[in-house]
Amino acid sequence: MGARGRLDGMNGRVKSAPYVIVIGAGSTGAAIAHDLTQRGIRVEVIDRGGVASGTTGHNQGQLHSGARYAASDPESARECMAENRILRKIMSGGLEWNGGLFVGWTEEHMAYLRTFLDACGTCGIPAREISSTETLRLEPRLNARILAAVEVPDAVFDPYRFCLSFLATAQQAGALLRTFTEVVDLDPSQGRVTVECHRTGKRENLGADLVVNATGPWTGRVAALAGARVDVEASAGVCVTVGERVSNRVLNVLAPPADGDIIVPLRRTSILGTTSWPVADPDGIPVPDDHIEEILDMAESMVPGVRASGLRGVMASARPLLVLPGAGGRAASRKFSCIDHAPEGVDGLISIVGGKTTTARAMAEKAADLVCARFGWTAECRTQDMPLLSPRLGVSL
Amino acid sequence: MWFRAEGSVGRWGFMLHRLTGLALSLYLGVHLVLLNQLRAGPGAWDAFVRLMRSPLILALDALLLGAAAFHGFNGLRLTLLGLGWAVRWQKVMLWASVVLAAACTVWVGARMICG
Amino acid sequence: MPDAGHALALAAPRGLAVSRPVQLHIRRTGRWADYRVEVREGASVLEALEEAWRLDHSLLFRHSCHHGSCGTCGMRINGREALACLTPVAQAARGGRPVRLEPLRNFPLLGDLLVETQQVAAGIEAVGLPIVRDADRPDGHPAEGSPPEQYENCIECGLCVSACPVVGSDRQFTGPAVLAAGGRVAEERRAPDGLAAMTQVSGEHGVWRCHGAFECSEVCPAEVDPAALILGLRGGVFRRSMAGGRK
């Protein structure tokens with residue numbers, strides 16, 4: 001049992017490629033599986049549930065242009081824009097690519113307009129101011145009191161199919177996927193991952209040269225199984241979906257990021273959101289009725305009549321936020337971190353914390369760089385240019 | 001297995017069409033066999049016809065007519081639908097087939113029993 | 001209504017104000033199992049199922065988006081095909097009765113409520129349906145002058161396949177999901193080859209096998225109306241063959 005690679009210390013004389021187990025089949029795990037597989041590493045992805053059954057599945061689905069973060073977090077904003085361009089290439093034909101609007105209808109919004117445009121310019125995000133007349137022509141359901149809007153290259157993704165695209169591509173290149181397989185114990189320095197396979201009801205020991213922990217808000221828990229420590233805050237949020245497509249573009253409020261200020265179209269529905277509050281347990285997040293009401297109110301001020309479209313679904317999940325000293329909630333960084341646990345005595349385990357689905361590929365690149373460095377494995381990242389397969393081609397999910 | 005006691009009116013319509021089709025096919029066989037009675041001569045034939053005019057048999061005949069009526073009307077509906085026409089009215093047509101067939105059954109049944 | 005132009009920061013929620021008990025009667029592999037859980041007022045059957053899962057991680061079912069866009073939580077709820085995330089507990093447990101959950105029909109059973117639906121996605125891909133189509137609300141789109149786009153309505157959930165009485169009796173029937181996709185290919189501007197799709201689906205086990213039960217359209221949660229697409233496709237194939245015959 002086990003599939004240990006044997007290295008001679010130098011690439012080129014490797015007898016067999018390293019075997020990496022990735023825990024987590026969300027956007028992070030899927031992107032990492034793809035990147036590592038492209039670099040010639042053997043990958044097995046495991047998840048206690050189905051694909052994207054954690055945080056990624058509840059994603060509001062906004063493929064950021066970065067404009068939202070241009071003023072408050074320029075580094076994040078630039079990264080988003082770069083990934084936006086890359087995803088447009090590698091996932092072409094797999095996104096709703098209609099752009100986004102930042103709309104303003106109060107004096108405060110209009111006062112923010114200049115700051116916003118300048119910040120987008122600084123970050124290299126194409127932003128075009130348009131008149132209220134044109135805005136209402138583009139999106140007739142918007143509040144007629146709109147004073148101005150800015151057009152940015154936001155897009156919409158289906159989070160489940162986002163993961164499936166990466167996984168299908170990785171599977172076709174040889175990666176394995178085992179869903180409903182839950183990690184119950186970890187001893188990475190011995191290369192052992194103990195799992196409970198829920199399909200068979202049996203416990204198994206899987207062998208790996210390295211374990212990548214990509215479990216989102218559960219990262220701390222999984223790392224703890226190996227005796228390692230990761231400080232990740234589970235920041236819960238609620239989104240509300242209504243049964244009507246009220247716009248073709250992503251609609252944002254022209255203001256610093258706040259709760260409930262985004263409407264994302266998806267097929268024939270609209271997803272309204274979101275909020276944030278810290279929770280201790282990412283499983284079993286209580287869905288707060290007051291948040292639902294506030295989200296609907298906010299959306300109603302942007303698109304009158306959206307409430308009447310009828311509630312289709314409510315989703316609550318926890319984002320994994322890196323804990324930075326002093327910051328919390330929205331102020332906590334949406335950046336990500338790749339943590340090698342070897343220095344703290346747990347060899348063979350790497351955790352990835354934070355980030356957002358828009359930058360999943362970039363996170364995966366950094367993580368794969370770290371994995372390769374760990375093995376002395378020289379292989380370049382090719383994911384920025386390589387088109388992904390259709391999400392319909394995943395197997396044995 | 002196509003026969004299940006579940007689903008919406010469409011599924012019941014599908015099952016009823018199959019059942020009436022089966023019933024009519026079986027009846028055709030039975031009918032042809034019974035017609036052989038003609039060879040038994042006028043006396044036996046008259047006795048047979050008196051039996052066939054008993055209220056129970058007449059009631060069954062009415063039901064059979066209903067089955068044929070439903071199968072016929074629904075068959076017209078399926079022909080239209082199968083060519084991609086009038087798809088929007090499919091449910092209306094299904095209920096119309098049921099109602100018309102029931103009306104035929106009742107009307108003919110009443111006439112047969114009373115007249 | 002307050003002017004929501006100011007930055008809105010919401011306090012941590014007050015917690016479950018009202019909760020309701022619900023009993024789930026679940027068809028697991030080879031047996032029935034019952035779970036009693038508490039859910040919020042307005043919860044979906046999927047939320048109740050997740051509560052049951054917290055008690056028993058061996059309970060197999062899929063879920064992802066919780067709002068009817070991923071198509072993974074398809075199952076039979078009280079005997080009827082539905083997405084668990086779009087079915088309110090209040091409706092499924094009306095009168096306090098237990099909610100009966102069973103896996104979809106006509107798919108290989110992997111365990112509990114988990115079935116293998118891959119052939120639906122694979123079949124739709126094989127028939128050439130693009131993932132993204134022209135949006136059905138063609139508002140002005142300034143940049144390239146091309147119409148706005150949206151994902152195909154079909155979320156590949158398999159409810160239609162489970163509900164179809166013909167799939168139940170003919171293993172080789174292509175099935176409503178793939179046939180409907182063929183119908184979409186025939187009419188979609190962005191689809192590469194409508195004629196090839198029509199040929200693919202007009203075989204003996206293709207469109208001609210549809211008996212017009214319309215169960216597929218009854219249960220579809222994504223406004224695909226497969227029955228209309230299939231019968232439309234049939235009309236198209238018929239007219240084509242009539243025209244071809246005259247030559």
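**Exercise 1.** Explain why helices α1(A) and α5(A) count as roughly parallel to each other, and then describe the residues through which α1(A) and α5(A) meet.

*Solution.* Before starting, note that this is a predicted model, in which local features need pLDDT of at least 70 and side-chain atom pairs count only at pLDDT 80 or more, while totals for chains, interfaces and linings use all residues. Residues are numbered from 1 along each chain as its sequence is written, and chains are lettered from A and ligands numbered from 1 in the order in which they are written.

Step 1. Find the two helices (helices are DSSP runs of H or I with at least four residues, strands are runs of E with at least two, and both are numbered from the N terminus): in chain A, α1 covers residues 27–38 and α5 covers residues 159–172.

Step 2. Compare their axes (lines fitted to C-alpha atoms, for helices over the stretch in contact, with angles from 0 to 180 degrees between N-to-C directions): the axes of α1(A) and α5(A) come within 8 Å and cross at roughly 20 degrees.

Step 3. Apply the classes (under 35 degrees is roughly parallel, over 145 roughly antiparallel, 65 to 115 roughly perpendicular, and the rest oblique); α1(A) and α5(A) are therefore roughly parallel to each other.

Step 4. List the residues in contact (C-beta atoms, placed from the backbone, within 7 Å): Ser27(A), Ala30(A), Ala31(A), Ala33(A), His34(A) and Thr37(A) of α1(A) meet a set in α5(A) that includes Phe162(A), Phe166(A) and Leu167(A). By class (Ala, Val, Leu, Ile, Met, Phe, Trp, Tyr, Cys and Pro are nonpolar, Asp, Glu, Lys and Arg charged, and the others, Gly among them, polar), this contact of α1(A) with α5(A) has nine nonpolar, four polar and no charged residues.

**Exercise 2.** Where in chain A does Val150(A) lie, and which residues does Val150(A) touch, leaving out those up to four places away in sequence?

*Solution.* Step 1. Val150(A) belongs to strand β6 of chain A, which runs over residues 148–152.

Step 2. Count its surroundings (a residue is buried if 20 or more other C-beta atoms, placed from the backbone, lie within 10 Å of its own, exposed if 12 or fewer, and partly exposed in between): because Val150(A) has 21 C-beta neighbours inside 10 Å, it counts as buried.

Step 3. Once residues up to four places away in sequence are set aside, Val150(A) touches Leu101(A), Phe102(A), Phe116(A), Leu117(A), Ala127(A), Arg128(A), Glu129(A) and Leu254(A). For one of these, Ala127(A), the C-alpha atom is separated from that of Val150(A) by 6.2 Å, although the two residues stand 23 residues apart along the chain.

**Exercise 3.** Describe the make-up of chain B, and then work out how its helices α1(B) and α3(B) are placed.

*Solution.* Step 1. Chain B has four helices and zero strands, so that its elements simply read α-α-α-α from the N terminus on, and its C-alpha trace spans about 55 × 30 × 30 Å along its principal axes.

Step 2. Of its 115 residues, 22% count as buried, and among contacts in chain B between residues at least 6 apart in sequence, 71% join residues at least 24 apart.

Step 3. The axes of α1(B), residues 9–35, and α3(B), residues 55–82, come within 9 Å and cross at roughly 125 degrees, which makes α1(B) oblique to α3(B).

Step 4. The residues making the contact include Leu16(B), Leu24(B) and Tyr27(B) of α1(B) together with Leu64(B), Phe70(B) and His71(B) of α3(B). By class, the contact of α1(B) with α3(B) has eight nonpolar, six polar and no charged residues.

**Exercise 4.** Which of the two pairs of chains in contact shares the most contacts, and which elements supply the touching sides?

*Solution.* Step 1. Chains A and C share the most contacts, whereas chain A and chain B do not touch, their nearest C-alpha atoms being 21 Å apart.

Step 2. Between chains A and C, 61 residues of chain A are in contact with 52 residues of chain C. On the side of chain A, the elements that each supply at least two residues include α3(A), α4(A) and β18(A), and the largest share, seven residues, comes from α7(A). This side of chain A divides into 21 nonpolar, 21 polar and 19 charged residues.

Step 3. Between chains C and B, 18 residues of chain C are in contact with 17 residues of chain B. The helices α5(C), α8(C) and α9(C) each supply at least two residues of the side of chain C, where the largest share, seven residues, comes from α9(C). That side of chain C has seven nonpolar, eight polar and three charged residues.
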